[in-house]
Amino acid sequence: VPNLRPNEKKILDDLRDDDMMVIALADKGLGPCAVTLEQYITDALKHLDDDSTYEILDETTARSKLKEISDAISDWLDKYEPRKPSEKVRRDGSGSVSANDTKYLRFKLGESWNKDP
């Protein structure tokens, strides 16, 4: 049973069904918020444009770094979630992490509502 009144559930359903709205997480644990897709993309690009945090890599360098990260994740999984000799896959269903696997690679944007633009 949802912990929402019928009118609140309808508003949430309407927002969820609107392709031009994004339900995002606000920063500092303030919970979910709704923002327009245009504003969400603008905020993401502004965040990614911070060259003190991010660096644009050429494709060869990016693939090399991705392989390094993938290998490190595989090594960690092998150490902390080893397969039994009879198992071909891990308990999470994966066999290994490959450079094309995006399961562990995520970009997460938290909307900031209490900062000056």
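Helices (H or I, at least four residues) and strands (E, at least two) are DSSP runs, numbered from the N terminus. The model is predicted: local features need pLDDT of at least 70, side-chain atom pairs count only at pLDDT 80 or more, and totals for chains, interfaces and linings use all residues. Residues are numbered from 1 along each chain as its sequence is written, and side-chain values use heavy atoms, leaving out hydrogens and water.

**View 1. Glutamate 38 sits in helix H2 (residues 37-48).** Glutamate 38 is exposed, at a relative accessible area of 64%. Exposed means over 50%, buried under 20%, partly exposed in between (1.4 Å probe, protein chains only). The C-alpha atoms of glutamate 38 and methionine 21 are 8.4 Å apart. Along the chain, 17 residues separate the two.

**View 2. The largest nonpolar core holds 5 residues.** They are Val22, Ala24, Ala26, Cys33 and Val35. Strand E1 (21-26) and strand E2 (31-36) each give at least two residues to this core. E1 provides the largest share, 3 residues. A nonpolar core is a set of buried Ala, Val, Leu, Ile, Met, Phe, Trp, Tyr and Cys residues joined through side-chain atoms within 4.5 Å. In soluble globular proteins, nonpolar side chains tend to be buried together.

**View 3. The chain has 3 helices and 3 strands.** Their order along the sequence is α-β-β-α-α-β. Of the 117 residues, 15% are buried. Take contacts (heavy atoms within 4.5 Å) between residues at least 6 apart in sequence: 44% join residues at least 24 apart. The chain exposes about 9700 Å², with 55% supplied by carbon and sulfur atoms. Accessible areas come from the Shrake-Rupley method with a 1.4 Å probe; for residues, only the protein chains shown count as cover.
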